[in-house]
Amino acid sequence: MKTYKLIFIIALVLSLSMPAMTVSAQTPSAAVSLTAPVPNPSVVGGDTTLNLAINVVNINPGVGGVEVYLGYNPTMVAPPTTPNGAAEVLPDFFGTSTVNINEVLPAAQCPGGASPCVHLVVAGPPQVTQNGTAARFHFRGLAEGSACFTVLQSVLVDANGFNVTHTPATQQCVTIQYRVTVTGTVQRQGVPANPNTGGGTRACSVVTATGTTSLGPVNTDVNGAFQLPNLQIGSYTVRAVYPGYLPSDKTGITVVAGGATTVNLATTTLRGGDVNGDNAINILDIGSIISKFGLASASVKSASANCTTADEAADINDDGRVNISDLAIAAGNWGVVGPTVWP
Ligand SMILES: [Ca+2]
Ligand SMILES: [Ca+2]
Ligand SMILES: [Ca+2]
């Protein structure tokens, strides 16, 4: 009976103590941090973003506001002025935030006085235990190099307005690279054919850049326009090709830091008649056209949806027929060799 009692008492003690163990309060903690900038590397003229993250555990009566001064290097990055200013408030920490200040301050008005800063205040329903992002900062890249972001000062306050001691954010940096987009238009002699019997367009000329790096191929659109993005600092030749035509080369394109981020090339017009693609227009090409003369259902690459159709090169002007028009184009370019000079 005594043993019975003892077991009962032990069981009672255990049953009382166990719930207390499972709900025991976690040690209160709070931290403010910056997420890694995205994208990294970023580009001159492009946007880079990083988030203000807050992590609080068992802070009573709950964190109800955060104020930060985010310092940045003004020679490397600048906050955009539109549409939402330098920062946008995110709902991931407070849910719906109720107050925010979002302003860019000169160095003299920032803690430490060494760099300009984004001053942000966000407040919302008090959060006792929560981990999330309260805001996202936006910056535009200005120059090649490393740009770092530093929280010069951060304040967390609880729902009673008292400061909450917290771990401060560590610095985040982004590499900014200089990149250029080359745009231009490629036309093809005799295209679109007249009358255009549902034939091809100026689409599907293939454009590549070679040099310091290789970029492309990209296809021209129905108007012959193309874009080659992300050329890094260096020297390039841009080439346009299409079956049945001599290639055209734009040489000596140099990308230098601090120049324009878009380079617009003049329009080039490919010369037709190189049916066999050997960079010369001669008797071999004329012979190929004559051997297919009268073909009325030629395969037209520039009429296909994604430039996937293999092209009948003897149908120079892509009207779906091999006839006197194609012969005239080739004969008119007799003796011309490629690549032709892109103006
Ligand atoms: Ca040829
Ligand atoms: Ca034709
Ligand atoms: Ca063709």
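Predicted model: local features only at pLDDT ≥ 70, side-chain atom pairs only at ≥ 80, totals over all residues.

Me: Aspartate 311 and aspartate 318: buried or exposed?

Reply: Both are buried.

Me: OK, the other one. What coordinates the calcium ion (ligand 2)?

Reply: Asp315 (OD), Asn317 (OD1), Asp319 (OD), Arg321 (O), Asp326 (OD) and Asp326 (OD). The distances run from 2.2 to 2.5 Å.

Me: What's the geometry of the ligand 2 site?

Reply: Irregular. The angles among its six donor atoms go from 53 to 162°. For reference, six octahedral donors would ideally give 90 or 180 degrees.

Me: Let's stay with asparagine 317. Where does it sit?

Reply: In the loop between α2 (283–291) and α3 (324–332).

Me: Why does asparagine 317 count as buried?

Reply: Because its relative accessible area is 4%, and the cut-off for buried is under 20%. Aspartate 319 is buried too.

Me: What is asparagine 317 in contact with, leaving aside its neighbours within four places in sequence?

Reply: Gly190, Val191, Ala193, Tyr245, Ser325, Asp326 and Ile329.

Me: Switching to α2. Which residues there are buried?

Reply: Asp285, Ile286 and Ile289 are buried in α2. They sit on the same side of the helix, because they cover an arc of only 100° around its axis. In general, residues three or four places apart in an α-helix point the same way, because there are 3.6 residues a turn.

Me: What covers the buried residues of α2?

Reply: β21 (272–274) and α3 are among the elements that do.

Me: And which residues are exposed on the other side of α2?

Reply: Ile283, Leu284, Ile290 and Ser291.

Me: What happens at the start of α2?

Reply: Asparagine 282 has a side-chain oxygen within 3.1 Å of the backbone nitrogen of leucine 284.

Me: Last one. What does the domain assignment give?

Reply: Domain 1 (25–176) and domain 2 (180–341). Their C-alpha centres lie 50 Å apart.

Definitions and conventions:
Residues numbered from 1 in each chain as written. Chains lettered and ligands numbered in written order. Heavy atoms only, no water. Donors = N, O, S within 2.8 Å, 3.2 Å for Na, K, Ca; no water. Tetrahedral: all angles 85-135°; square planar, octahedral: opposite > 155°, others 65-115°. Buried < 20%, exposed > 50% of the residue type's maximum accessible area, 1.4 Å probe, protein only. Domains from an automatic or database assignment. Helix = DSSP H or I, 4+ residues; strand = E, 2+ residues; numbered from the N terminus. Contact = heavy atoms within 4.5 Å. Arc of directions from axis to C-beta. Polar contact = N/O pair within 3.5 Å; in protein donor to acceptor, adjacent residues only side chain to side chain.
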